[in-house]
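Good morning, colleagues, and thank you for coming. I would ask you to keep the structure in view while I speak.

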Amino acid sequence: MNQRSVAVSEAVGCAVIYCTAVFLHFVYPLSGGAALSIVFGAVNESIWEHSKIFAAAYIGWSLLQICWLKVHFKRYAVSKCVGLYALSGMIIGVPSLYTAFTGGHIVWVDILSSLLAVILTQALTYRLETGENRLADFFAPALMLLMLYYLMFFSFTIFPPKVSLFRDPVSGGYGLIERIAEKEP
């Protein structure tokens, strides 16, 4: 494994992931609610949907990276799994924390915190991929955690739990079903 190529790839990934997530934020309304946009785009303004678009961009970039980087697959998969949960944790945690104190969202804080989350996640995965550790030993648990994430990723947009993480602050609704119901006469 060439550490320099991994470092460059992770650095480029910061811009690609962030820009892709911004695009995915608007893909659902721009597509007129196309089925594929529901899976990868934000269907409302909930914290979960914002986490989902960053996770989709992160997963997409990770899949592209594996095509050209010469890395140990098991070690890479574990590092990306850790990164996925770290990214989602930061995208969910920071807005949840600061809104508890401010009483509402501040757009520029959301934008900067999500950018910082992407940068920190890419730095974390670089350290995990290139460090002296035994990550490959954790491949099986990481695989199970990835499957759990995909299950949540695809199901919570349509059938979200009725908790604040999934609540759209604009409409007060939850997930896609309530959004569709709002449009019906």
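First, the basis of what I shall say. This is a predicted model, in which local features need pLDDT of at least 70 and side-chain atom pairs count only at pLDDT 80 or more, whereas totals for chains, interfaces and linings use all residues. Residues are numbered from 1 along each chain as its sequence is written, and side-chain values use heavy atoms, with hydrogens and water left out.

Let me begin with the aromatic rings. Rings of Phe, Tyr and Trp, the last by its six-membered ring, are paired if their centres lie within 6.5 Å; planes under 30 degrees apart are called stacked, over 60 edge-to-face, and the rest tilted. By this rule the count comes to 9 aromatic pairs. One of them joins Trp48 and Phe166, a tilted pair at 5.3 Å centre to centre with 45° between the planes. This pair links distant parts of the chain, 118 residues apart: Trp48 is in helix 3 (residues 47–68), and Phe166 is in the loop between helix 6 (139–155) and helix 7 (175–183). Helices here are DSSP runs of H or I with at least four residues, numbered from the N terminus.

Trp61 is buried at 8% relative accessibility, whereas Trp68 is partly exposed at 44%.

I turn now to helix packing. Helix 4 (residues 73–102) and helix 5 (residues 107–130) pack at an angle of about 155°, their axes 9 Å apart. The axes are lines fitted to C-alpha atoms over the stretch in contact, and angles run from 0 to 180 degrees between N-to-C directions. Why are the two helices called roughly antiparallel? Angles over 145 degrees count as roughly antiparallel, under 35 as roughly parallel, 65 to 115 as roughly perpendicular and the rest as oblique; helix 4 and helix 5 are therefore roughly antiparallel to each other.

Contact, in what follows, means heavy atoms within 4.5 Å.

Thr125 lies in helix 5 and is buried, with 0% relative accessibility. Not counting residues up to four places away in sequence, Thr125 touches Glu10, Tyr58, Ser79, Lys80 and Gly83.

Cys14 belongs to helix 1 (residues 3–30) and is buried at 15% relative accessible area. Its contacts, leaving aside neighbours within four places in sequence, are Val118, Ile119 and Gln122. Cys14 and Gln122 are 108 residues apart in sequence, yet 6.7 Å apart in space, C-alpha to C-alpha.

Ala136 sits in the loop between helix 5 and helix 6 and is partly exposed, at 28%. With neighbours within four places in sequence left aside, Ala136 is in contact with His72, Lys74 and Arg75. The C-alpha atoms of Ala136 and Lys74 are separated by 5.0 Å, although these residues are 62 apart along the chain.

Thank you for your attention.

Notes:
Buried < 20%, exposed > 50% of the residue type's maximum accessible area, 1.4 Å probe, protein only.
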